[in-house]
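Reader: Could you walk me through some local features of this model, with the cut-offs spelled out as we go?

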Amino acid sequence: MKITKLRCSGLNNPLGLKWGKLEFSWILQSQNQNVRQQSCRLIVNDAEDGSIIWDTGVVETASQSCCFSPEEKLQSGKRYAWHVLAWDNRGENAVSGTASFTMGLKRGEWLAQWIGCQEKDLDETVKMADKKEMTAAFLAMVSGEKNAFIPDRKLNPCHIYRKVFRCGQQAPQTSFLSVTAHGLYRVQINGTDVTDTRLNPGFTAYDSYLEYQTYEVGGLLKAGENVITAVLADGWYRGKYGILGYGNNYGTELALLLQLDIDYGDGRRETVSSDTEFRYHQSAYLYSDLLIGEKQDGRMDRNEFASPEFDDSAWERAAVKNGPFDVLQGISAEPVRCTDVMEAKEILLSPKGETIVDFGQVMVGVVRIEAEGSEGDTIRLEHSEVLDKQGNFTNNVSGYNRDQTDYFICSGKGTEIFEPEFTFHGFRYVKVTGYPGILSPEKIKAVVLGSDLEETGEFLCSDTRLNQLQSNIRWSQRGNMLSIPTDCPQRERAGWTGDILVYAKTAAYNQNVKQFLRKWLKNMEKEQFSDGLIPIIVPYPIAYSAMQKEAFGTETSAGWGDAAVIVPWVLYSCYGDREILEESFEMMVKWMQYVEADASSHMPELQGLVTEERRERQKYLWNTGFHFGDWCYPSCKNDRGETDMFRSAYTTKEYVATAMYAYSTDVMSRVCAVLGKTEQQNHYQILNEKIRKAFSDEYVNGDGTIGGAVQGVYVLALAMKMAEGEKLKNMAARLAEMIAANDDRLDTGFLSIEHLLDVLTEYGYQDIARRLLYQERCPSWLYEINSGATTIWETWNAVLEDGTPTDNSFNHYAFGCVGDWMYRNLLGIKRVKPGYEEFLIKPDFSYGLVWAKGAYQSRYGRIECQWHLDGNQGELAVTVPVGTRAVMEAGEERMEVGSGSYVMKFQLTAGRECA
């Protein structure tokens, strides 16, 4: 037996954890079968002197994790080591290697001050974004009025802050640097970066939640004089992002908070902190904006700043700022990193004579380019996801301040490598202008950026089209899991709650998103209104809060706010961590109270016969106000043949909102059952029954038809059981008829697509599900692939059938939620108990595949599945992790197994089981 993957609060050897309950977890591996943990012992030591901080003793438990509340026993700035001993049910035991962690600073331990520029260096014309102007701008945009309100174009310089400090006659033994910013920061000590992570401190609800990062920098310090420098850029705090391109969403001034705690190992400790001894000056980053791009001047010698001899007396002295301490938190999730480097696939010469680099894949990141130019030569890099119909470069992103353009000014001092630091782009193609000499593929690379999440899912099969679909899904996820779960990387970069609601299950297959989404839920909790309302976007910057209320009369929507309930439930189901439900429960209840009050207190204008019974059931129908409905269902088009997003909302909102109301009450009853809250469980069960009955009585006719409804409404009504008995069967038949009448094509939007194939299968229309999966005409997943897609599109016809690209996003993961269905049905891995403690392996062989193979890295270990067919004969191979049980089913064969590897031969019978 072997113990692997030691994690503290879900992270690998984390530094500067936020204070609170710690979770220690591990994975057991054994070559034996039917192995489970019988007992364990966890020991936490002081890493310096080896003294025991916490010893659980031998605990009889099958759980491969345990929790520890450290407030009274741990200190900040101290490294702790921990290891696990485990015994299994076969009498074997194992001792793990050693892992480590440190805790972040407590509020009273901050000796540093927030610092920034002097008042004279702040542009007095720069104001916080004006809410009234932004509302008017949004309404003008929705109505199609162009150039009505052009947002501020001012680009801010990135200042560099610098301080010289002295260490003793010997180099420090350990040193921890804690740092955060209003804006983005890059810190160096003696000219060396303190981290390889990017875009720190990340995107959070700055007013109420701001994380700081901790780095061990003892190896960068030396005896005598040392230099620490920090560059600040606008980032999400002051940058121009969101649907309108306005800046200053959180403030007009950037600020830095930095504290270096030095330990010499002999009892001497020193602290270097941000204060007025820091000086600042214009850096080589002339400006950097998340969406507009970055401009670097290579003529500014950055290396000289790292020398203690550099004279910075002409620089300005930093000013102390009134920054917050009460909202500071240590780290809780993975940082943003370079996760891949992509070679150029081809360098093109467009019909217009443009030099365009094709990387062959839509991605998120920046370009690294090598050049040798004369002093002052300027290289311009423009980024886009698509080319126009003729093969020329086009910026496919509509709106203001979405340039996605970087500039590099050469120094003339030989070969230089430029790479943007404080921005990122969504792109496949890069138009290069001003390059000195001939650009060759080896001189330009794409640096892929994203939150550094563990890849946990694998899927491959005999149909190359489905393999490409899986690739498209994964790339959209990689690009949009960047600090927060975003809608798209090139237009808004906003945490739209509805997108992740439908995609969370697929996300949890492909990557370990437990800590990533848990952190985002903490931000949601901070952004929740006092009446329980969950905003449409988290974090909720002025870019959206300014316009939403005025434009739509509300700041939430069914299916978007419901993420407060659905996402924690998905995380619990996938990772088996009850703590997630406990820490989100208050937020979930407050949201449901808001929905219940909103639905029951607003009465629509009723048409036709109005009885007391009908009036009474309106309390259980969420059928007033604005909702996004089944957003972007494809048959809802404008005059140009493009998806009419807002009309798709208005034509489906009342049906969809009530179905989502039923969905969330059902999940809430399950949550309460897990947490042992019986009274609340009963409340939500009864409420769910009343909602479903009200929907059935109000909207569903005896023949199962729903007046004026589109496919997505039927899908949601069937998925949420919004009727009973024959009505449900008739609704399913009507859905089948609608799909057939649409030439076997789907007509589903954001909220319904997640349930489409499951609903058809459940009600006996597996053949229709198969035709939709393999449909190649628009709208369909394979239409996108045949049109050259390498990621998932925002709309089903982002490229029109004549080959014309629209200005919609080409990197939006919502419609990629079919990935969850593919893992469960084509590969066959189905969760039975939370965290995959028990699971079912049951592939569906009716989709024409000859073989499929893949894996999922669960909290217990790696689940592997591989099957192949030879005619009606087949073989199914499965690996079951220690501590879990599985059922294997194929044909007439069935096996119940514990941990280990198994092979089962089977035979399929003729009929529906075979394609």
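Reader: Happy to start with the ground rules: what pLDDT is needed for local features?

Author: This is a predicted model, in which totals for chains, interfaces and linings use all residues, side-chain atom pairs count only at pLDDT 80 or more, and local features need pLDDT of at least 70. Residues are numbered from 1 along each chain as its sequence is written, and side-chain values use heavy atoms, with hydrogens and water left out.

Reader: Which residue does a cis peptide bond join to Asn-200?

Author: Most residues other than glycine have a negative phi, and most peptide bonds are trans. The bond in question has an omega of about 5°. Its second residue is found in the loop between strand S14 (192-193) and strand S15 (210-211), where helices (H or I, at least four residues) and strands (E, at least two) are DSSP runs numbered from the N terminus. That residue is Pro-201.

Reader: And what is omega for the peptide bond from Val-538 to Pro-539?

Author: Pro-539 sits in the loop between helix H5 (514-527) and helix H6 (542-552). The bond from Val-538 to Pro-539 is cis, and its omega is near -10°.

Reader: What value does phi of Lys-5 take?

Author: Lys-5 belongs to strand S1 (residues 2-8). It is partly exposed, with a relative accessible area of 33%; buried means under 20% relative accessible area, exposed over 50%, and partly exposed in between (1.4 Å probe, protein chains only). Lys-5 is not a glycine, yet its phi is positive, near 50°.

Reader: Is Cys-632 buried or exposed?

Author: Cys-632 has a positive phi near 70° in a residue other than glycine. Its place is in the loop between helix H9 (612-617) and helix H10 (645-650). Because its relative accessibility is 0%, Cys-632 counts as buried.

Reader: How many residues of helix H18 are buried?

Author: Among the buried residues of H18 are Asp-820, Trp-821 and Arg-824. Just after the helix, Gly-828 takes a positive phi of about 105°. Helix H18 (residues 818-827) is largely enclosed by the rest of the structure, because the number of its residues that are buried is ten of the ten.

Reader: Which residues is Gln-548 in contact with, leaving aside its neighbours within four places in sequence?

Author: Gln-548 lies in helix H6 and, at 1% relative accessibility, counts as buried. Contact means heavy atoms within 4.5 Å. With those neighbours left aside, the partners of Gln-548 are Ile-536, Tyr-540, Gly-553, Thr-554, Glu-555, Thr-556, Phe-626 and Phe-628.

Reader: Which strands stand at the edges of the open sheet of four strands?

Author: The sheet has the order S37-S38-S42-S43, with mixed pairing; two strands pair if DSSP finds at least two bridges between them. Each edge strand has a single partner strand, so one side of each is left without a neighbour in the sheet: these are strand S37 (829-831) and strand S43 (893-897).

Reader: One last one: what distance separates the C-alpha atoms of Asp-743 and Asp-340?

Author: Asp-743 lies in the loop between helix H14 (725-741) and helix H15 (756-762) and is partly exposed, with a relative accessible area of 39%. Not counting residues up to four places away in sequence, Asp-743 touches Gln-775 and Arg-777. Asp-340 is 403 residues apart from Asp-743 along the chain, and their C-alpha atoms are separated by 41 Å.
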